[in-house]
Amino acid sequence: MKQIVILSGKGGTGKTSVTAAFAHLAATNGEPCGMSVDGSTRTVLVDADVDASNLELVLSPQVLETHAFQGGQVAVIEPALCEECGVCAELCRFDAISAQGGIYTVDPIACEGCALCFFQCPAGAIQMEEQQAGEWFHSQSRYGPLFHAALWPAQENSGKLVTLVKQQGRLLAMDEAFDLVLVDGPPGIGCPVISAVSGADLALIVAEPTAAGIHDMERVLATTAHFHVAAVVCINKTDLYPEGVAEIKAYCARKGLPVIGELPFDTVVTEAMVQGQPVTAYRPNSPISQALCAAWGRLLAAVEDGEAL
Amino acid sequence: MKITVASGKGGTGKTTVATSLALSLAVEPADGARPLFLDCDVEAPNAHLFLDPSLEQRQEVGLLVPRVDEAKCTYCGRCAEVCQWHAVAVVGEKVLVFPQLCHGCGSCTLACPEEAISEIPNPIGVIEAGPARDGITFARGVLNIGEPMAVPIIRQLKKWLPTQPDQTVILDASPGTTCPVVESMRDADLVLLVTEPTPFGLHDLRLAAQVAQELDIPVGVVINRDGVGDSGVDDYCREAGLPILMRIPLDQHIAEGIARGTPLIDIRPAYVRRFQDLYAGILERVGVARNGGSTV
């Protein structure tokens, strides 16, 4: 079993649209696009963009199981026990405790959950309370099992939730001998991305040929290299800025990174999204679907041969 | 006046809107002082590409992590007990510290009965600042590769530079709806949510609007690439009572210019006026009298 994570650095380069198309192609061997990949690729899908999870919008999943996600804990001050000494507010490094008219309260959004105040309160007036921060789901999508989550807005610990949904996806994949775990990652390079990258055999970077897209592609590639995960690149919206495409290719050539796909800009991608479908299912013969099909074949070859490893 | 530009979904045009808003206010500063721009997307900062700052000031951001004085340590394990992130472990007669798990709360330092723990800064990124185009003061944070925690950098960036009371501060947030976005929104007078009229845009707009609501900050919406997709975003804004303060149509010429790193107001100069109108809409929304400055 192999694990591929799809990343970008910059948001909105097309990670989810590409993941959805690959999910469709994996389930159909690329047949609707007139191509056949040798043998089937039984795939478990994981949406690791837990605070803006969009994969479900184009895969129409049927939720089989819903679980609560305990994000962490927050401090709560019991007013009857509080002696208003102010030690907690003074020691808190996250400015989460304040007093109004002598009454000390904790701002649950600012609270980091470090429990320093719990241990330091001389009156024993502070308790740490577990907080539900979201939910995660095991679903059956049109194209196979999907593990996804909804982190509630303004919650912390997205990295922990990413690790959790990935783990669940891997467990099912191992139990039922799936070939691939395909992980739709979050934007950026911080905590949830690090959680999404860990354990991957290959990272696919969806890069946009724009000044910002190239800048962020370089940062996410530095991140995958830092964690010793091999990477390949797929360029999206190629006709937007041809000089940018050339720049990405030159960069990849210098770093020895294979470019496995070049996808043209096409409003049919948005139309497919509005219809709640991957573009390869919505318009299998469109140039972008053909390009996605070719990229899918090369991606499978790369992860199988360890070409990029 | 502090305005945080956020979105939920990535790639909707946050930086495009934030930079052109700053540039439009710098042309004709509405309130005397030229704007301060803070790029709070420390994982993928891009605003410098459009504002051309010369980054003259630089400061390392470190998180205070524990250092154990083995001469004083009795290996009692209290530090490991109080740490909520397992960043300290005591194994036999050895104390292991994992800086990347540490949140810098200082709990272990205070809990150590032998006073054997001191704290040293572990570098996780930098903040940089300098003058940018048209008299804008620019600052940004940059997270080091491989470091997980963006929030301490944003926190430090926000309190780094002095602001004048009448200065407009524009904060460009990262995508998403978790801690880095919360930190970028906190204390803002208004959150400007940039979205696109697609199912993905709508889904994430709802979540981002909820974050602003939890923080009790008024919201204004900018619809970018107006004309693609469907009417979902419009319908939602109407139902939720979120004012749409600006619409930017889908325009190949704009998209190509942005790709090159050209600010929107240079691609289409008529937008200077439109962004100034957007600012007027923001002031109105915040309930601040334009010349009086008093909160209604």
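This is a predicted model: local features need pLDDT of at least 70, side-chain atom pairs count only at pLDDT 80 or more; totals for chains, interfaces and linings use all residues.
View 1. Of the 296 residues in chain B, 51% are buried.

**View 2. The open sheet of chain B.** Here you can follow nine strands in the order β3-β6-β7-β2-β8-β1-β9-β10-β11 of chain B, with mixed pairing. At the edges sit β3 (57–68) and β11 (244–249) of chain B, each pairing on one side only. On average, neighbouring strands of this sheet are turned by 20° against each other, direction ignored.

**View 3. Strands β2 and β8 of chain B, side by side.** Four bridges link β2 (residues 36–39) and β8 (residues 169–172) of chain B, and the two strands pair in the parallel sense. To find your place along the pair, look for L36(B), which stands opposite V169(B) in β8(B).

**View 4. Helices α1 and α11 of chain B, crossing.** Two packed helices are described by the angle between their axes and the distance between the axes. For α1 (residues 14–27) and α11 (residues 271–286) of chain B, the axes come within 9 Å and cross at roughly 95°. Angles of 65 to 115 degrees count as roughly perpendicular, and α1(B) and α11(B) are therefore roughly perpendicular to each other. From α1(B), the contact is made by S20(B), L21(B), S24(B), L25(B) and V27(B); from α11(B) come Y271(B), V272(B), F275(B), Q276(B), L278(B) and Y279(B). Sorted by kind, the residues of this contact are eight nonpolar, three polar and no charged.

**View 5. N46(B) and its surroundings.** The loop between β2 and α2 (48–51) of chain B is where you will find N46(B). A residue is buried if 20 or more other C-beta atoms lie within 10 Å of its own; N46(B) has 23 C-beta neighbours inside 10 Å and so counts as buried. Leaving aside neighbours within four places in sequence, N46(B) is in contact with A212(A), H215(A) and D216(A) from chain A, and with T15(B) from chain B. R140(B) is 94 residues from N46(B) in sequence, with 9.4 Å between their C-alpha atoms.

Conventions. Residues are numbered from 1 along each chain as its sequence is written. Chains are lettered from A and ligands numbered from 1 in the order in which they are written. Two strands pair if DSSP finds at least two bridges between them. Axes are lines fitted to C-alpha atoms, for helices over the stretch in contact, and angles run from 0 to 180 degrees between N-to-C directions. Angles under 35 degrees count as roughly parallel, over 145 as roughly antiparallel, 65 to 115 as roughly perpendicular and the rest as oblique. Two residues are in contact if their C-beta atoms, placed from the backbone, lie within 7 Å. Ala, Val, Leu, Ile, Met, Phe, Trp, Tyr, Cys and Pro count as nonpolar, Asp, Glu, Lys and Arg as charged, and the others, Gly among them, as polar. A residue is buried if 20 or more other C-beta atoms lie within 10 Å of its own, exposed if 12 or fewer, and partly exposed in between; C-beta atoms are placed from the backbone.
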